[in-house]
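Hi,

Here is the structure I promised to pass on. Have a look at it first, and then read on for what turned up.

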Amino acid sequence: MSTQLPLGINLQFSQSFANYNATFNHTALLVLRQVIARQSENSLYLWGESGTGKTHLLQAACQEMAYFDQTPAYIPLSELKSEGTVVLDGLDSLDLVCLDDLQAIVGSEEWEHALFNLFNRLKDQNIPLLMAGNAAPAELGLDLLDLESRLSWGGVFKLQELDNKEKIKALQQHAKQLGFELSEKVARYLLKQFAYDLDSLIHQLRSLDYASLAAHRKITLPFVRQWLATVK
């Protein structure tokens with residue numbers, strides 16, 4: 001299940017506030033929710049390594065706004081950069097703008113100026129803006145220093161990756177939403193076999209769920225071993 005937003009971008013139903021593990025990023029989540037509720041500065045910048053939940057939080061914010069009949073836009077710049085800066089047109093008429101993968105446009109004069117102008121338009125109209133990148137604003141390497149400073153006007157948070165204990169909890173929570181119980185033994189085995197970030201682990205969990213449904217088998221350790229033999 002997904003929510004359709006402008007530009008043909010789908011939001012994954014699995015990425016919501018309800019299933020986001022905020023153990024190490026509680027303050028960032030709190031401030032983000034204040035921003036979209038217009039109770040704080042109207043912009044927020046999140047950064048961190050792959051798998052720390054940046055995309056999850058941006059998509060969760062869009063899910064939240066859409067639920068309350070607001071119109072958000074989720075813009076993954078790594079996917080839409082080739083479409084040109086036209087993808088930014090009209091965003092100042094929406095209720096929330098989320099820009100993901102800011103590192104994708106670094107070094108493009110056209111894109112950097114377009115984002116700078118969009119930032120100013122959104123701020124003037126008090127439209128919440130959430131942004132995410134793989135480095136802090138000053139470390140992205142932007143040529144337009146005015147844009148670099150804009151990224152720091154609101155809150156700036158580095159997201160921390162979950163440890164293995166919290167990853168197991170997150171996997172079990174996602175499994176419950178998919179409709180099955182994931183034992184700690186199986187979760188630990190998956191974590192050992194797929195030493196990936198949480199997003200990748202969840203992707204494997206969903207693939208495992210599909211396989212178990214197709215085989216009419218419960219997700220036990222023997223079944224997981226059998227499944228892994230076919231996918232690795």
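Before the details, one cut-off: a residue counts as buried under 20% relative accessible area and as exposed over 50%, with partly exposed in between. Please also keep in mind that this is a predicted model.

Phe68 has a relative accessible area of 53%, so Phe68 is exposed. Tyr67, at 65% relative accessibility, counts as exposed too. These two rings form an aromatic pair of the edge-to-face kind, with 5.1 Å centre to centre and 90° between the planes. The structure holds three aromatic pairs, and I'll come back to another one further down.

**The sheet**

Now to the sheet. Five strands make it up, it is open, and the order across it is E4-E5-E6-E3-E7, with parallel pairing. Which strands stand at the edges? They are E4 (72–76) and E7 (155–158); each has a single partner strand, so one side of each is left without a neighbour in the sheet. From one strand to the next, the twist averages 15°. As a reminder, strands of a sheet pair through backbone hydrogen bonds, either parallel or antiparallel.

Five bridges join E4 to E5 (residues 96–100), and the two run parallel. Pro72 has Leu96 of E5 as its bridge partner, and Pro76 is partnered in E5 by Asp100.

The next step goes from E5 to E6 (129–133): three bridges join these strands, again running parallel. Here Val97 has Leu129 of E6 as its bridge partner, while Cys98 stands opposite Leu130 in E6. E6 then pairs with E3 (43–47) in the parallel sense over five bridges, and Ser43 stands opposite Leu129 in E6. That puts Leu129 across from Val97 as well as Ser43.

Helix H1 (residues 26–36) lies across E3, E5, E6 and E7, and runs at about 150° to E3.

**A buried asparagine**

Buried or exposed? At 4% relative accessibility, Asn25 counts as buried, since the limit for buried is under 20%. Leaving aside neighbours within four places in sequence, Asn25 is in contact with Tyr20, Thr52, Lys158, Leu159 and Gln160.

**The helices towards the other end**

Two packed helices are described by the angle between their axes and the distance between the axes. For H6 (residues 164–178) and H7 (residues 184–193), the axes come within 10 Å and cross at roughly 115°. The crossing is right-handed. H6 brings Asn164, Lys167, Ile168, Leu171 and Gln172 to the contact, and H7 brings Glu184, Ala187, Arg188 and Leu191. By type, the residues of this contact divide into four nonpolar, two polar and three charged.

The rings of Phe194 and Trp227 have their centres 6.3 Å apart and their planes at 50°, so the pair is tilted. What does the pair tie together? Phe194 lies in the loop between H7 and H8 (198–215), and Trp227 in H9 (residues 221–231), so the pair links parts that are 33 residues apart in sequence. Phe194 and Trp227 are both buried, whereas Tyr67 and Phe68 are exposed.

Cheers

Key: Residues are numbered from 1 along each chain as its sequence is written. This is a predicted model: local features need pLDDT of at least 70, side-chain atom pairs count only at pLDDT 80 or more; totals for chains, interfaces and linings use all residues. Side-chain values use heavy atoms; hydrogens and water are left out. Two strands pair if DSSP finds at least two bridges between them. Helices (H or I, at least four residues) and strands (E, at least two) are DSSP runs, numbered from the N terminus. Axes are lines fitted to C-alpha atoms, for helices over the stretch in contact, and angles run from 0 to 180 degrees between N-to-C directions. Contact means heavy atoms within 4.5 Å. A crossing is left-handed if the near helix is turned anticlockwise from the far one by less than a right angle, and right-handed if clockwise. Ala, Val, Leu, Ile, Met, Phe, Trp, Tyr, Cys and Pro count as nonpolar, Asp, Glu, Lys and Arg as charged, and the others, Gly among them, as polar. Rings of Phe, Tyr and Trp (its six-membered ring) pair if their centres lie within 6.5 Å; planes under 30 degrees apart count as stacked, over 60 as edge-to-face and the rest as tilted. Buried means under 20% relative accessible area, exposed over 50%, partly exposed in between (1.4 Å probe, protein chains only).
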